Amino acid sequence: MPADGTPADGKQYLLGIDVGNTVIKAVLFDLDGERISSYAIDGQSTTPEPGHVERDLDELWRNAKEALRHCISEAGIDPGQIIAAGCAGHGNGLYLLDRDDRPLVGIQSLDTRAAGVAEELTSAHGDALHAATLQEPWPSQTPVLLSWMRRHHPDVVDRAGTLVMCKDYITFQLTGQKVSDISDMSGAGLLTMPECRYDDELLALYGLDGLERLLPRLIDPTEIAGTVTAEAAAQTGLAEGTPVVGGLFDVIASALGAGVVETGATSIIAGTWSVNQYLAEEPVVDRDLLMVAAFGPSRFMIMDNSATSASHLEWYVREFVERGGHHEDPFGFCHRRLSEVVPRTDDPYFHPFLYGSPQGAERRAGFYGVAGWHGEGHLIRALFEGVVFEHRRHVERLEAAGARIDRATLSGGGSRSPVWAQMLADTLGIPISVAAEEETGALGAALTAGVAAGAFSDYGDAAAHMTRIRTVYEPDAEMTAHYDHRYRVSHDLATALQDFWSAQYRDSQR
């Protein structure tokens with residue numbers, strides 16, 4: 001760049017937009033994967049009833065416009081130098097537009113209201129649904145939530161015009177095109193696998209017969225969905241006519257942005273969800289795994305995930321560190337408290353089940369074994385450890401399904417914590433690599449856009465140019481033995497608490 005910071009004429013850029021359950025980020029990259037500028041805005045979730053987690057799609061678009069304007073402005077570039085843009089977004093939940101394309105429903109993937117419907121569908125059609133989609137019904141799965149909505153609010157479903165995923169709403173606002181990509185729709189259990197197509201008989205199994213009209217046009221992640229309209233250009237600072245691609249389910253985008261593009265490579269994401277996945281050329285048929293999502297020919301991400309990861313630290317910070325007020329460095333505060341603690345076998349335990357568990361929506365979070373000599377650092381360490389233990393449980397499920405995992409790449413918000421990365425390496429007993437770029441979801445969306453724009457020949461070529469590893473954490477054998485013991489105790493504790501959780505859940509349903 002010249003001394004005044006203005007990019008050289010003719011330089012090209014890619015834009016990645018990452019739509020999380022709360023934060024939306026716009027990140028601009030050059031074709032070498034260097035971050036040029038970024039802007040993030042934290043949105044608001046609401047919990048109108050226990051188990052309900054919702055968002056306002058109008059607010060999401062307002063935040064997206066602001067993030068895009070600031071990102072482009074801070075870069076100081078001609079927006080015409082952005083050759084393509086792509087969105088990544090959290091999967092599942094339920095987002096509906098009405099027949100006039102206005103926001104109607106915004107339910108996030110932390111929602112558990114449909115737990116009973118998921119159980120009923122599993123009992124009635126679990127075998128057939130798994131045979132078709134390679135996943136069983138679960139509470140925040142898109143078709144399960146739509147089935148719940150049809151039972152409890154049929155008037156809302158009658159008013160619905162289009163079902164979209166959260167990232168697809170941003171694509172729609174940018175281009176006017178109502179589309180979704182195969183990674184999000186396969187991850188939501190709405191496509192037959194491995195063909196990746198809509199199917200009326202599949203919808204009928206969910207109790208959604210007659211709702212084929214809601215499904216948007218299905219495209220490949222690297223297919224151009226449309227171009228930025230004049231109206232969107234005026235609102236965002238993007239150039240009219242900028243191509244926008246189909247985009248990706250965020251867990252796949254984050255894996256690609258961390259450089260996980262080779263068959264057999266393993267990605268662990270410590271974010272809102274505990275995501276544990278590996279790339280395969282063929283789908284794996286295993287009832288014990290959460291899902292298989294596809295994002296191209298011979299590209300299947302085999303996953304076992306749950307809402308049990310770094311969102312628990314965000315909850316702790318919000319409720320006990322900030323307590324509704326400003327704190328200059330709340331996460332730094334937690335790490336300082338944690339660093340004061342020397343690990344012991346009698347430290348407290350924590351189960352990260354604020355948002356339930358795939359082992360049962362009735363499960364709840366809790367600290368256990370707290371004594372008078374324990375302080376806040378011990379509780380924070382227990383929280384970190386409980387999250388890591390859930391990642392380990394998922395990794396063991398992947399290995400039982402045939403994966404050979406001898407190393408993994410970590411991304412997501414939890415990857416910013418050296419403590420969490422080292423704890424994960426020690427608990428799993430394998431090297432853990434951390435990507436150089438923290439915004440791996442946005443980078444994955446950007447490199448997908450780069451493939452569509454012809455800057456790269458395929459995902460592997462894009463990752464070779466745009467991704468790098470920052471640090472590798474090697475396991476400590478002594479700490480691995482320490483965590484082995486505590487992992488078993490934590491599992492036994494959960495088993496002992498099952499009757500209590502079940503009774504509590506029954507009480508909540510009265």
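Author: Before the first question, one term is needed: the helices named here are DSSP runs of at least four residues, numbered from the N terminus. The model discussed below is predicted.

Reader: Which helix gives the most to the lining of the second largest pocket?

Author: This pocket holds about 630 Å³ of space, and among the 33 residues that line it, those closest to its centre are Pro137, Trp138, Pro139, Ser357 and Pro358. At least two residues of the lining come from each of helix H2 (115-133), strand E18 (299-306) and helix H12. The greatest contribution, four residues, is made by H2.

Reader: How many residues of the lining of the second largest pocket are charged?

Author: Sorted by class, the lining of this pocket has 13 nonpolar and eleven polar residues, and the charged ones number nine.
The charged count asked for is nine.

Reader: What is the volume of the largest cavity?

Author: Counting cavities of 30 Å³ or more gives two of them. The largest is lined by residues that include Asn21, Arg55, Asp56 and Gln108, and helix H1 (residues 57-75) gives the most to this lining, with three residues. By class the lining has two nonpolar, seven polar and three charged residues. The volume of this cavity is about 60 Å³.

Reader: Which element supplies the largest share of the lining of the second largest cavity?

Author: This cavity, with a volume of about 50 Å³, is lined by Ala270, Val387, Val388, His391, Leu410, Gly414, Trp420 and Leu424, which divide into six nonpolar, two polar and no charged residues. Two elements give two or more residues to the lining, namely helix H12 (376-400) and helix H13 (418-428). The largest share, three residues, comes from H12.

Reader: Which strands are the edge strands of the open sheet?

Author: The open sheet is formed by seven strands with mixed pairing, in the order E17-E18-E16-E15-E21-E22-E23. An edge strand here pairs on one side only, and this applies to strand E17 (291-296) and strand E23 (469-473). Neighbouring strands of the sheet are turned by 25° against each other on average, direction ignored.

Reader: Which residue in E16 stands opposite Thr266?

Author: Strand E15 (residues 266-270) and strand E16 (residues 274-280) run antiparallel and are joined by five bridges. Across from Thr266, the residue in E16 is Tyr278.

Conventions
Residues numbered from 1 in each chain as written. Predicted model: local features only at pLDDT ≥ 70, side-chain atom pairs only at ≥ 80, totals over all residues. Heavy atoms only, no water. Pairing = 2+ DSSP bridges. Axes fitted to C-alpha atoms, helices over the stretch in contact; angles between N-to-C directions. 1 Å grid on protein atoms, 1.4 Å probe; cavity = no way out; pocket = protein on both sides within 12 Å on 5 of 7 lines; lining within 4 Å. Points joined across faces, edges and corners; volume = space filled by probe spheres on them. Nonpolar A, V, L, I, M, F, W, Y, C, P; charged D, E, K, R; others polar.
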